[in-house]
Amino acid sequence: MSKADSTLPAERRLSLLVTVLAFALPVVFVLVPLAIFLGYSFFSVDQGTIVYSLSLGNYVRFFTDPVFLPVFWNTIVLCVSVAIICILLAYPAAYFLTTLKGRWRYALLMLLLVPLLMSYVIKIYAIRSILGLNGFLNKALVTLGILQEPSTLFVFNMNAILLTLTLLLIPFAILPIFLSLERIPQVLLRASDDLGASGLQTFLRITLPLSLPGVASAASFVFVLAIGDFLTPQMVGGISGFTFGRILYSQFGTAYNWPFGAALSVALAVVVIAAILIGERFGRNRGISV
Amino acid sequence: MSALPRLSTIFLAAITTLVAVLLYSPLFVPIVSSFFTISHGSVDWSSPTLATYVALAENHDILTALRTTLIVGVCTVILSVVSGTLLALYYHGRRSGRSLLQFIIFLPFLMPPIISGLALLIFFREIGLERSLLTVVIGHTVFVLAIVYRTVLMRLQSMSRTLVDASYDLGATGWQTFWRIILPNLSSAMVGGAILAFALSFDETMITILVTGTQSTLPVRLWAMMRLGFSPDINALVALILMFTVLLCVLAARFLIPRQVATERT
């Protein structure tokens, strides 16, 4: 009896502690930093020190300065292109996986996802050496006779960023498309076949529409990951490949304007949230039921 | 899909092969060059060597960074598994406020790392916390928490409520039920979550660059070296990391895929 009496208050104290932690942890380490960050976007910098008085100056500068909006827009276009190329490559591959039987299907899926685990920095470095002037791509193109001599088309510019991001992010497109294709009931395909539809008709009328949610998720994943990346453009972009992420990052380094960087981050966050919401809206499976 | 015409199968297989080649070419280059010398874009196949591995063992810079990464990884795993499990246990079965708190936990994982990283950077500065390995560990934990939380929560949701009820009916206290019933049932999900957390922490680069002090983890060290170009021993490191990550991946799959499914497939 005395044992029960002594454990009960201890248990209650513990559950109180758990309750406090369950609310405090997310609030202190996620919400508070984000709130302070948002607050910073209304401050300004005067001769290297941060002025803690509220103004909309950073946002006005973002919208009026001729530098930022074009880079912002170009970066969005770049990341949309990356998403489109990733999907064009990932869709056929994911479709091919679903035509395979049992063990092969998952083994091949794993094979296509494993590169995700490989060190990100190393991959950028390797891709850069492949794209370089003496790299494998140029060698192959010259050998095949497509190019007369090695080209600088893929080194230190927007093309290089586009190709590198695509190579890095394809697996993120394969997985959601594969999952949505796999979820399509085989009965529907057989019914379509029985009703006399050709393979192409079945694909266009049944498989493709039912897999579009997966495509939407894939596009939103790839876009968000691409637009948030500041290391890849820094490494393969050179001087001409200037993206929004790099400008943002430079505000915390060489340019040393944290409040303006915070305002740029808010702009980035708005685009990212929009992309996530669009992906969420169209990525939901609307009742495939059999 | 058996009625797939031959031509389109060939087309699909060709695209899949292309994708595999594209994905593996960046891994292939460093691994081949860890055993062979490459000069001007062509491989000298005639003389395989392990010299790069020997050089790696003597590269103190890299080994120190590797040790730092492991320390950060282990601390992150401990913190994220403890707090992720705690949060999952607390939120499980509660309606009020759960979706909001869950959304907050997922934010750092959904947001671009540059935003999470910068928010933490400013936060640490405002509370006067000097940038160090501690801030890196906090950054990594905040980042991977969502994954551990989700893994444990999913296991909790699939766990039968009757187990807990039976335990209480048999007279066990809440504490006993937790240690004897709930925790053993969660253990494999926790191990799986821990492996995922470690893998993410091991390769985390963008948040780390923003919140790290003078000590750098392996990806940050590599990032700094990359500007000057890599020495050949880095290739040996790449080959070793690849083997290590594949091993981790196999382990995670073992702990996360339920047994029945696993036996069905083999």
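Tutor: Begin with the term "element": helices, of at least four residues, and strands, of at least two, are DSSP runs, numbered from the N terminus. The model before us is predicted. From the N terminus on, chain A reads α-β-β-α-α-α-α-α-α-α-α-α-α-α, which amounts to 12 helices and 2 strands.

Student: How many helices and strands does chain B have, and in what order do the elements run?

Tutor: Chain B has 12 helices and 2 strands. Their order from the N terminus is α-β-β-α-α-α-α-α-α-α-α-α-α-α.

Student: How should I read the confidence of the prediction in chain A?

Tutor: Confidence is given per residue as pLDDT, from 0 to 100. In chain A the average is 86, and 95% of the residues score at least 70. Among the elements of chain A, helix α1 (residues 2-40) has the lowest mean pLDDT, 80, whereas helix α3 (residues 68-99) has the highest, 95.

Student: Which helix of chain B has the lowest confidence, and which the highest?

Tutor: Helix α12 (residues 259-265) of chain B is lowest, with a mean of 45, and α6(B) is highest, at 93. Residues 260-266 of chain B stay under 50 in pLDDT, and the model has 3 contacts for them beyond four places in sequence. Chain B as a whole averages 84, with 91% of the residues scoring at least 70. For the model, ipTM is 0.85 and pTM is 0.87.

Student: Which domains does the assignment give for chain B?

Tutor: The assignment gives domain 1 (6-44) and domain 2 (59-265) of chain B. Their centres, taken over C-alpha atoms, are separated by 32 Å. In the contact between them, 5 residues of domain 1 of chain B meet 6 residues of domain 2 of chain B. The side of domain 1 that touches domain 2 has 3 nonpolar, 2 polar and no charged residues.

Student: How is the packing of two helices described?

Tutor: One gives the angle, the distance between the axes and the handedness. Helix α7 (residues 161-169) and helix α8 (residues 174-203) of chain B pack at an angle of about 145 degrees, their axes 10 Å apart. The crossing of α7(B) and α8(B) is right-handed. B:L163, B:V164, B:S167 and B:Y168 of α7(B) make the contact with B:T177, B:I181 and B:I182 of α8(B). By class, this contact of α7(B) with α8(B) has 5 nonpolar, 2 polar and no charged residues.

Student: How many residues does each chain bring to the contact between chain A and chain B?

Tutor: Chain B brings 63 residues and chain A brings 70. Among the elements that give two or more residues to the side of chain B are α3 (60-91), α6 (133-158) and α11 (233-256) of chain B. The most comes from α1(B), with 14 residues. By class, the side of chain B that touches chain A divides into 51 nonpolar, 9 polar and 3 charged residues.

Technical notes. Residues numbered from 1 in each chain as written. Chains lettered and ligands numbered in written order. Predicted model: local features only at pLDDT ≥ 70, side-chain atom pairs only at ≥ 80, totals over all residues. Axes fitted to C-alpha atoms, helices over the stretch in contact; angles between N-to-C directions. Left-handed = near helix turned anticlockwise from the far one by under 90°. Contact = placed C-beta atoms within 7 Å. Nonpolar A, V, L, I, M, F, W, Y, C, P; charged D, E, K, R; others polar. Domains from an automatic or database assignment.
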